[in-house]
Amino acid sequence: MSGREKRRRTGVPMRRLLRWIRNLVAIAVLAVAALAGVLAYNTLRHGSRQIDVAAVPPIAIDEQGAAQRLSQSIRFPTISNFLNPEQGADALRDLRAHIESSFPAFHAAAKREIVGGHSLLYTWEGSDPQAKPIGLLAHQDVVPIAPKTEADWQQPPFSGAIEGGYVWGRGSWDDKGNLYAMLEAAELMAKQGFRPKRTIYFAFGHDEEVSGLRGAAKIAELLASRNVRLDFVLDEGLLITDGVLKGLDKPAALIGVSEKGYATLVLTARGTPGHSSMPPRDTAIGMLAAALTHLEDNRLPMRIRGSVAEMFDTLAPEMSGFSRVALSNLWLFRPLLLREFAKSGTTAAMVQTTTALTVFNAGDKDNVLPGVAEASVNFRLLPGDTQASVTDHVRSVVANDKIAIQGFDGNFDPPPVTGTKSASYLALNRTIREVFPDVIVAPGLMIAATDSRHYAQVADNIFRFSPVRATPEDLKRFHGTNERISIKNYADMIRFYVRLMQSTAG
């Protein structure tokens with residue numbers, strides 16, 4: 001065979017290979033173009049969900065007077081204690097007296113009842129008995145200062161110092177800020193002769209930080225016994241965050257329409273006590289430590305669903321760059337987003353029933369094997385998970401019959417999710433944008449527990465929102481060091497509650 005013939009025969013398959021490669025490249029280009037088209041279409045078809053609302057002119061507030069009253073409330077150390085419910089009794093009585101003397105017009109307009117020993121229920125009677133009432137919730141108690149951190153505070157934690165445009169101290173944000181802002185708003189309106197068309201209940205629990213069972217739960221039981229059915233309740237909750245969500249240039253006001261459940265499980269391992277010089281193969285501490293390691297290594301799955309999915313769907317059109325593309329196309333980018341969320345405990349908590357090892361007790365002498373080791377594991381349950389499903393998960397992961405698993409009496413499943421199509425959600429959305437015209441409003445998930453869960457039996461809708469502006473740096477102050485609120489922000493909180501009562505009960 002001539003060289004020319006050999007080249008001709010070998011050239012045929014080579015040309016076929018090149019054509020196949022060109023076709024493959026063309027198909028890949030078309031596939032990429034089609035994918036890009038789908039991503040662009042999904043991104044662009046997600047128009048803004050923000051309602052068009054005109055800002056209301058800010059009403060005049062005695063900012064310094066309001067700040068002084070809030071400052072004085074912080075000086076009462078109303079620290080709650082689950083095991084010693086009367087620990088803060090004197091401080092609660094002093095706070096109650098301060099509230100009564102500070103807001104005389106409101107006290108003349110509303111009826112006050114003391115529930116569960118120290119909780120306060122105010123009834124501002126409406127003129128229309130057929131209109132379904134509403135409830136504004138807050139709590140009087142605060143968390144303690146972390147031991148040995150008092151010197152880290154720029155101002156003493158219970159001084160209520162007014163410095164640098166801020167009111168400083170434990171409770172200025174959580175939750176005396178909300179409580180006093182509601183009272184300031186009601187006092188202002190009462191002085192102006194306002195009478196609501198529908199009844200407004202102001203419910204101020206005294207043990208929210210330690211379950212709310214003696215306060216909010218008792219108030220809800222009292223309302224239920226009177227056949228009171230509320231259109232909605234608004235409690236502390238999600239905030240107006242600025243610089244927290246990547247890709248969002250504007251502040252985000254998130255309304256908590258759902259809340260996580262709470263389940264603490266106590267794991268108890270029993271072994272053979274004895275001298276440490278002759279340890280058995282399996283010890284109580286060893287078994288329990290292995291079980292806890294398995295739980296941390298086998299956490300419950302991360303999921304984007306429910307109110308979190310609706311939050312992303314609402315925020316997506318307001319975002320820029322890749323964030324907008326990703327949130328508009330969760331069908332493709334969900335795994336990527338979940339990997340990003342997993343990098344931070346704060347973001348992971350939005351999409352996961354969390355696992356937190358909180359207490360470990362075992363042994364009392366270094367050369368004695370303890371017969372019992374005990375640990376507490378706290379889970380915050382995503383809506384859709386239950387105490388039963390989490391207990392089953394723990395039992396499956398631990399897989400050791402020598403370890404007993406017991407739940408706390410105070411555990412609770414996630415409360416019902418509130419829909420975003422109701423008139424009350426729209427009214428709350430509108431009020432936020434009227435008072436804070438620069439913000440984006442979206443529904444969200446409250447990852448901590450609030451008193452509002454106790455009102456599920458008496459309220460059609462439950463919202464968790466605090467009209468507090470916060471940056472990433474501010475979030476560290478929540479239950480932490482140097483809690484404070486700016487006087488300007490506090491005045492806007494008062495304006496928010498005035499406008500909310502005008503629009504929903506006026």
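Which strand is Glu236 found in? Glu236 sits in strand β7, which covers residues 230-241. Before going further, keep in mind that this is a predicted model: local features need pLDDT of at least 70, side-chain atom pairs count only at pLDDT 80 or more, and totals for chains, interfaces and linings use all residues. Residues are numbered from 1 along each chain as its sequence is written, and side-chain values use heavy atoms, with hydrogens and water left out. Helices (H or I, at least four residues) and strands (E, at least two) are DSSP runs, numbered from the N terminus.

Let's stay with Glu236. This residue is buried yet has no salt bridge. Buried means under 20% relative accessible area, exposed means over 50%, and partly exposed is in between, using a 1.4 Å probe and protein chains only. A salt bridge needs a side-chain nitrogen of Lys or Arg within 4 Å of a carboxyl oxygen of Asp or Glu. For Glu236, the nearest side chain of opposite charge is Arg453, 8.4 Å away. (Lys and Arg count as positive, Asp and Glu as negative, while His and the chain ends are not counted.) What Glu236 does have is a polar contact of 3.0 Å with the side chain of His139. That term stands for a pair of N or O atoms within 3.5 Å; within protein, one must be able to donate a hydrogen and the other to accept it, and residues adjacent in sequence count only if both atoms are side-chain atoms.

His139 takes us to strand β3, residues 134-139, where six of six residues are buried. Both faces of β3 are covered: Ile134, Leu136 and Ala138 are buried on one side, and Gly135, Leu137 and His139 on the other. Who are the strand's partners? β3 pairs with β7 in the parallel sense over three bridges, and Ile134 has Phe232 as its bridge partner in β7. Two strands pair if DSSP finds at least two bridges between them.

Now hop over to helix α2, residues 63-74. At 1.5 Å a residue, its 12 residues should span 16 Å, and the end C-alpha atoms are 17 Å apart, which agrees. The expected span is 1.5 Å times one less than the number of residues. Buried residues of α2 include Ala66, Leu70 and Ile74. The buried residues of this helix pack against several elements, among them α3 (89-102), α5 (176-191) and α15 (487-505); contact here means heavy atoms within 4.5 Å.

Helix α2 also has a link through charges. The side chains of Arg69 and Glu184 meet in a salt bridge, 2.6 Å from N to O. Arg69 lies in α2 and Glu184 in α5, so the pair ties together parts that are 115 residues apart in sequence. Arg69 counts as partly exposed, at 22% relative accessibility, whereas Glu184 is buried at 8%.

A search of the whole structure finds 25 salt bridges. One of them joins Arg395 and Asp392 at 3.8 Å. Those two both lie in helix α12 (residues 387-398), three residues apart, about one turn of the helix. Another links Lys476 with Glu473, the closest N and O atoms being 3.4 Å apart; Lys476 is exposed at 60%. Finally, Glu63, Lys488, Asp492 and Arg495 are linked in a network of salt bridges.
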